[in-house]
Amino acid sequence: MVSDLLNDTSGLLTIRDWLRWTYSRFNEDPSLFYGHGTDNSWDETLHLVLQALNLPWDYDSAYFDSRLTDSERQQLTALVQRRIREHIPTAYLLNQAWFYGMPFYVDERVLVPRSPIAELIEKGFEPWLGGQTVDRVLDLCCGSGCIGIACSQAFPEAQVDLVDISEDALEVAHINIDRFELWDRVRTVQSDMFLSLKTMEDRPRYQLIVSNPPYVDAEDMADLPDEYLHEPALGLEAGNDGLDFARTILTNAAEFLDENGLLVVEVGNSEWALQEAYPEVPFTWVEFEHGGHGVFVLTAEECRRYRDRFGDSH
């Protein structure tokens, strides 16, 4: 029956019609998962319909009775069908995801931006930065480049390095650097974590290192909803306990931080594994006003003090 309803769009003429119909179709399918920018079927409906029609989020509902063209109706039909039948995240269907109030290009070469770190960027990483000037930022495991590019807006005088091992991911980051015309301040570096940075003649030092690395443990990888299977596994899986990349970051960060620099890392559900692994380390866990968890802050001094505890890593 759901399949029949997905093909029956002949009576859908207005934006309001399409919002109602899409919302109904999403609600009919309990297997759909919302975790790529929304957490419910209504917000997902608004994301898909309004963005597909190139309309703003605050589009006046008084105009919801505007009629769609035939081509717009065909486009929406195809998008909704693919969202339901193939469980493709809306951001991939539209090649667009919003982060820090900015529209980033995304496709299946990168994870869909959804990190709560956006809230920290909005606050200038205060109070942890203590008002210090930020001249250089590292976005490690950058994917689409959304975190680093957002930091370039929060710190308009800073140079930003976007680092990722994936050539595919860096190609997407290039699209976003182009989109926001930031080549004068933002560059990409292909590197397995810090390795390429270590070989640079003029080894960089950063006031701010921010990372949203892979952090999904083996158990969670085995239970991921279908929507997440469209994302590159390289950006998700992080060993049995989800800490493979976090350990590397913790071991090496002090080497690349300014004396008063700051390390900010998202480890998501692996937060508890990290605390169990290093109970003596005073991680500061950020409390977010708009949802999210599993992001810690360490000062450069703390990274230096506990470096030997983190073990050897590349």
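Let's start with what a pocket is here: on a 1 Å grid over the protein atoms alone, an open set of points with protein on both sides within 12 Å along at least five of seven lines, its lining residues having an atom within 4 Å of a point. The model is predicted, so local features need pLDDT of at least 70 and side-chain atom pairs count only at pLDDT 80 or more, while totals for chains, interfaces and linings use all residues. Residues are numbered from 1 along each chain as its sequence is written, and side-chain values use heavy atoms, with hydrogens and water left out.

Now look at the second largest pocket. Lining it are Gln51, Ala52, Asn54, Leu55, Pro56, Trp57, Gln75, Leu93, Leu94, Gln96 and Trp98. Helix H3 (41–52) and helix H5 (90–94) are the elements that give two or more residues to that lining; helices (H or I, at least four residues) and strands (E, at least two) are DSSP runs, numbered from the N terminus.

Next, strand E9 (residues 295–299). Of its 5 residues, 4 are buried, meaning under 20% relative accessible area with a 1.4 Å probe, protein chains only. E9 runs antiparallel to strand E7 (residues 257–266), with 5 bridges joining them, and strands pair if DSSP finds at least two bridges between them. In this pairing, Val265 stands opposite Phe296. Strand E8 (residues 284–285) is also antiparallel to E9, through 2 bridges, and there Thr284 faces Val297.

Stepping back, the chain has 13 helices and 9 strands, and 51% of its 314 residues count as buried. Its C-alpha trace spans about 65 × 40 × 35 Å along the principal axes.

How values were computed
Buried means under 20% relative accessible area, exposed over 50%, partly exposed in between (1.4 Å probe, protein chains only). On a 1 Å grid over the protein atoms alone, a cavity is a set of points where a 1.4 Å probe fits but cannot get out, and a pocket is an open set with protein on both sides within 12 Å along at least five of seven lines; lining residues have an atom within 4 Å of a point.
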